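My notes follow the order of looking.

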Amino acid sequence: MNSLQEQNQGGSAASQAKPDYDVISVGAGFAGLGLIHYMREAGLSIRVFDRASDIGGTWTWNRYPGAATDSEGYYYCLAFSKEILQEWSWTKRYPGWEETHQYMHFVADKCDMWPHIQLNTEIASAEFQEDSGHWLVRTGSGEEFTCKYFISGMGMISEPYIPNIKGKDSFKGPCFHSARWPQEGLDYAGKRVAIIGCGATTVQMLPIVAQTAESVTVFQRTPNFVMPAVQKPMTPEWEKEIKDNYEAIIDKCRNHAFGMAFDSPVGRNLADTPPDEVQRVFEEQWPKGSFRFVFETFDDLLSNPESNQAAADFIISKIHEKVNDPELAEMLTPRGYPLFAKRPPLDHGFYEAFNRDNVHLVDIKDREPIVEITETGVRTTENLYEFDIIVLATGFKAYTGGIETVEIRGRSGETLKEKWQSESKSIMGVCVADFPNFFVITGPQAPFANLPTSIEQNIIWITNCIKKMESEGYDVCTPLADAEDKWSAHTAEIHDQTLMSQGDKVNSWMMGANIENKKPRILIYHGGADVYYAKLRESENAGFPELQFDKLAG
Ligand code: NAP
C-alpha cells in the first residue's frame, strides 16, 4: 500500500483490491518523464509504456535532418528539478533533435526513471472495469496489466498523417513519412529527393538536405508564413544569465499566453500605432528571430484582421527580399488567409535554399496537382518527376490521432475514437466525460503552447486530483458531461473570436482540417495558456468540481 493510501481513513473494500500499478501511462516523451517524477513524489507506483525503442517521443521519432525545437531550448524543458535546470547545458538557442533527446536521457538517468519505463511495447487497448474501478490495459502482444489511473502521454502531434496518394506503395526507393525518418539514418547525399508537403517539418529539413542531395524538389500546396528563427550558440555569459534567472524564466512561461518566456503582452496595439512606427518596430524585431516577432511587437496581431494583415504584409515583403527569383518568391507567398490560421514555421535558411540550383518547387495546388506516385517518382498533371527518395512531410493527426491509436473504452463501452468522431470535446484537455479515472496530457481543447510548460501544468493538476482521490479514499472519479459541455462551449466561443478560426479554410491541423474526410473541429483553447493554467489552479482549489468522486460499495 502506498503512503497516500495509508493516509486514507475511509477507503472502501473495493479500493483494497490492488491493481498492478497505481498509474499506467502511454508515451515516454516529456509527458511520461514528468509523470514518473510527480507520481513517484506522490508515493504512487507508475509504469510508462512506449512502442518506440527509446524514450523521447517526438524527439525519438522525428530524426529528419534539421529537426529542432522551435521554442528556445532553455525553456523547452521540464522545470520540476532546479538541480537539472542548473546542471544541463544547452549548446544553442534551438537544440536539434539529438540534443533534446540527450537532455531527456539526462533527466531519466539523473532521476533514476528507467525502472518505470517499458519500451518496445505497444498498448493496444484499455478498458474501464466498472466493478473494480480499475483499467485493464492490453499490449499489442496480448499481455495484460491493471491500474487505477490510466493516462495518455501520447502527445498532440505524434500520429503521422499520410494522405491517400495513388500509387504510394509502388515507389521502388525509400518512401516514408518525415516522422518515420529511418532511425539508423539515411544516406541522401548525391540523391534526388522529393519532399511532399511544405509545413514546419519541410521548412527545417530542406536547407540541410539540399546541402548534399543531388536535388530536392518540394511539392507545395499552401505556402506558409515563415519567420526567421535566428539560431545562435549558447555563450557562457548567456548561460549564466539564464541560470541566474531560471525561476523567473519558468515563471514567465507559466504567465504567458503561449507558455513561452516572452516579454508580452507589450501593452500596445498595432491598430493604435502610426504606420512609420509599426514598420520600425517590425524591422527592429525581425532580425531577433523566433515567434517573438508576433508576441513582442503588438498585442492585437492575432485578433484584429487589419493588424494581422499588416504583419502578414511585412513577412511577405521579407520573403520577396530573400528569394532571388520573383516568380518563385510569389509561389512561396502565403495569400488569402491570416497569419497564424496555420501554425507558422521558423526559418533556418528555408527561403534561401530556393536560391540554390539544386532546389525546385512544384505548385501542386494551382499549377500541377499530384496524380500519382509511380515506381520511379511523382506524376503531376504536367510532368513525371523521377526520384531516389520520397519524403511525405504531410503532417499529423493532431491532438486526437495518437490517443485514438489505442482502443480506449470508457464506462458506456464507447471508445474515445467513437466519442470524438464529429467533435473532440474534453474538460480542459485533461479529462473526458464517460472515461473515469482517465486523464490526458495536452488533449484536445487544451491550449497550443510551449509544450513542456503545458505538459507540466497538466501533470500537476492530474497529480493533485489523484492525491485527493487517494487521501480521501475514493475509488472512482468521473468527469462530468456538464463540465465538458461548458468547457467546450467556452473554448468554441473564444475560438470564434480569433483569426485562428479561419484555419479550416487552409487545412490547418490546429482545427483538424488537414485530414481528408474528417470534419474540422475546435481542437485548441485560444484563451491563453496563462489563463488556462490559472483555470487549472482554480479547479484544484475548488476541489475539482468538474469531476464526481465516488467510493465503490465494499
Ligand atoms: P503540416 O504543417 O501539417 O504540413 C503538412 C504539409 O503537407 C502541408 O504543406 C500540407 O499542405 C501538405 N499535405 C498534406 N496532405 C497533402 C496531400 N494530400 N497532398 C499534398 N500535400 C499535402 O505538418 P508538419 O510540417 O509536419 O508540421 C506539423 C506541426 O508539427 C507543426 O505545425 C508544428 O507544430 C509541429 N512541428 C514542430 C516542429 C518544431 O517545433 N521544431 C518541427 C516540425 C513540426 P496544405 O498546407 O495545403 O494542407
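The expected span is 1.5 Å times one less than the number of residues, and helices are DSSP runs (H or I, at least four residues) numbered from the N terminus. The model is predicted: local features need pLDDT of at least 70, side-chain atom pairs count only at pLDDT 80 or more, and totals for chains, interfaces and linings use all residues. Residues are numbered from 1 along each chain as its sequence is written, and side-chain values use heavy atoms, with hydrogens and water left out.

I list Trp97, Glu99, Thr100, His101, Tyr103, Met104, Val107 and Ala108 as the buried residues of helix 5; buried means under 20% relative accessible area (1.4 Å probe, protein chains only). Their cover includes helix 2 (30-41), helix 3 (58-61) and helix 4 (82-87). Just after helix 5, I note a positive phi of about 50 degrees at Asp112.

A pocket is an open set of points on a 1 Å grid over the protein atoms alone, with protein on both sides within 12 Å along at least five of seven lines; lining residues have an atom within 4 Å of a point. The lining has 25 residues, and Ala257, Phe258, Phe295, Asp299 and Leu302 lie nearest the centre. Helix 10 (292-295) and helix 17 (529-541) each supply at least two lining residues.

Key: Buried < 20%, exposed > 50% of the residue type's maximum accessible area, 1.4 Å probe, protein only. Contact = heavy atoms within 4.5 Å. 1 Å grid on protein atoms, 1.4 Å probe; cavity = no way out; pocket = protein on both sides within 12 Å on 5 of 7 lines; lining within 4 Å.
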